[in-house]
Amino acid sequence: MLFSELPVEVNWTLAAVFACLVFASAVTVTLAKLKPDKDSAELRDRVRTWWMIVVLFAATLWMGYAFAIFFFAFVSYLAFKELLSLIPTRRADRRVLFWAYLVIPAQYAMVYLDWYGVVIVFIPVYIFLFLPVRMLMIGETEGYLRAYGTLHWGLMTTVFCLSHAALLLMFQPRDVTRLEPAWPSEAGALHPGAGLLVFLVLMTEVNDIAQFLWGKSLGRRKIAPKVSPGKTVVGFVGGAATTAALAMLLGPAITLFTWQTAAGAGLIIGVAGFVGDLAISMLKRDLGVKDSGSTLPGHGGVLDRIDSLIYTAPLIFHYVFFLY
């Protein structure tokens with residue numbers, strides 16, 4: 001699929017995202033002029049990084065499904081590499097690491113080939129059983145559980161879970177579905193995956209922003225003070241409600257969702273995104289680091305940016321797969 005083949009409603013949604021970034025850039029420039037004494041470097045870095053992410057995401061989507069799937073494979077590679085830099089494995093496991101990295105192109109190649117039945121069990125079953133065999137051949141027993149747990153947990157989160165976003169791109173409804181799809185356009189019926197992927201990514205990021213804004217403005221009661229002191233009950237509830245409300249508007253416009261199923265998807269994203277954020281925060285607290293890396297200025301590492309998507313991608317894919 002190329003730019004000209006993308007459903008027009010998806011292109012308009014991407015154009016709206018670019019318009020929001022133009023507005024955010026104008027706000028950062030205005031703030032810098034009005035309050036020159038205030039340090040706004042982090043805000044500028046954050047907006048610039050958002051530009052880079054959105055341009056890359058949109059460009060790969062416009063270039064075709066293969067490029068979009070490669071984009072997610074590259075993100076998985078960066079996130080897995082970042083995780084292993086935080087939790088170094090044993091020197092004896094260098095050859096095991098080679099096989100672990102090889103899992104990434106294998107998983108996404110199967111996504112591209114639309115081998116759903118294999119994609120869904122490759123890492124949870126076959127790699128789960130294969131890695132101990134490869135470690136057994138090395139024969140190093142000290143630190144085995146930590147090394148094995150780190151590798152498989154890392155592959156599950158950064159590759160398996162994230163690959164569901166790419167898998168959503170390949171989605172086609174079955175001949176007999178539990179609910180009748182509500183197509184937004186003829187092109188949307190031919191290529192439903194693009195709208196679903198944009199909906200997933202956009203709503204996940206909106207949820208992060210909404211929870212931050214609700215928490216900052218009205219949040220008082222902390223929801224997980226030991227894990228993430230900035231998270232509040234109001235932030236969680238307000239963010240999830242805002243995401244569900246926006247999903248009701250966006251879902252029917254660019255996906256096969258009705259407003260009711262779109263609201264359900266929004267609620268799933270609101271709750272799962274929050275849990276995903278806390279799960280990675282808990283990992284960082286355990287390791288004693290604030291950010292997972294410094295790859296993305298203003299955001300931290302790749303894991304910091306995709307922590308919510310790791311949880312929302314598989315849940316939304318299976319929600320869609322169950323209904324349609």
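Me: At what relative accessibility does Y116 count as partly exposed?
Reply: This is a predicted model, in which local features need a pLDDT of at least 70 and side-chain atom pairs count only at pLDDT 80 or more, whereas totals for chains, interfaces and linings use all residues. Residues are numbered from 1 along each chain as its sequence is written, and side-chain values use heavy atoms, with hydrogens and water left out. With a 1.4 Å probe and protein chains only, a residue is buried under 20% relative accessible area, exposed over 50% and partly exposed in between. Y116 counts as partly exposed because its relative accessibility is 24%.

Me: How many aromatic pairs does a search of the whole structure find?
Reply: Rings of Phe, Tyr and Trp (its six-membered ring) pair if their centres lie within 6.5 Å, and the pair is stacked when the planes are under 30 degrees apart, edge-to-face when they are over 60, and tilted for the rest. The number of such pairs found across the whole structure is 19.

Me: How many residues apart are W99 and F130, whose pair links distant parts of the chain?
Reply: W99 and F130 form an edge-to-face pair, with 5.6 Å from centre to centre and 70° between the planes. Helices here are DSSP runs of H or I of at least four residues, numbered from the N terminus, while strands are runs of E of at least two. W99 belongs to helix α4 (residues 94–112) and F130 to helix α5 (residues 116–138), so the two partners stand apart in the chain by 31 residues.

Me: How many residues apart in sequence are the parts that the pair of Y116 and F321 ties together?
Reply: The ring centres of Y116 and F321 lie 4.7 Å apart with their planes at 25°, so this pair is stacked. Because Y116 lies in helix α5 and F321 in helix α11 (residues 302–323), the separation in sequence is 205 residues.

Me: Which residue has its charged end over the ring of F321?
Reply: F321 counts as partly exposed at 27% relative accessibility. A charge sits over a ring if NZ of Lys or CZ of Arg is within 6 Å of the ring centre and within 35 degrees of the ring normal. R178 sits in this way over the ring of F322, 4.0 Å from its centre, and over the ring of F321, 4.7 Å from its centre, sits R174.

Me: How many salt bridges does the structure hold?
Reply: A salt bridge is a side-chain nitrogen of Lys or Arg within 4 Å of a carboxyl oxygen of Asp or Glu. Among them, E205, D208 and R305 are linked in a network, and K290 meets D291 at 3.9 Å, N to O. The structure holds salt bridges numbering seven.

Me: Are R90 and D93 buried or exposed?
Reply: R90 forms a salt bridge with D93, and their closest N and O atoms are 2.9 Å apart. In the bridge between R48 and D45 (3.7 Å, N to O), R48 is exposed, with a relative accessible area of 54%, and D45 counts as partly exposed at 27%. R90 and D93, by contrast, are both buried.
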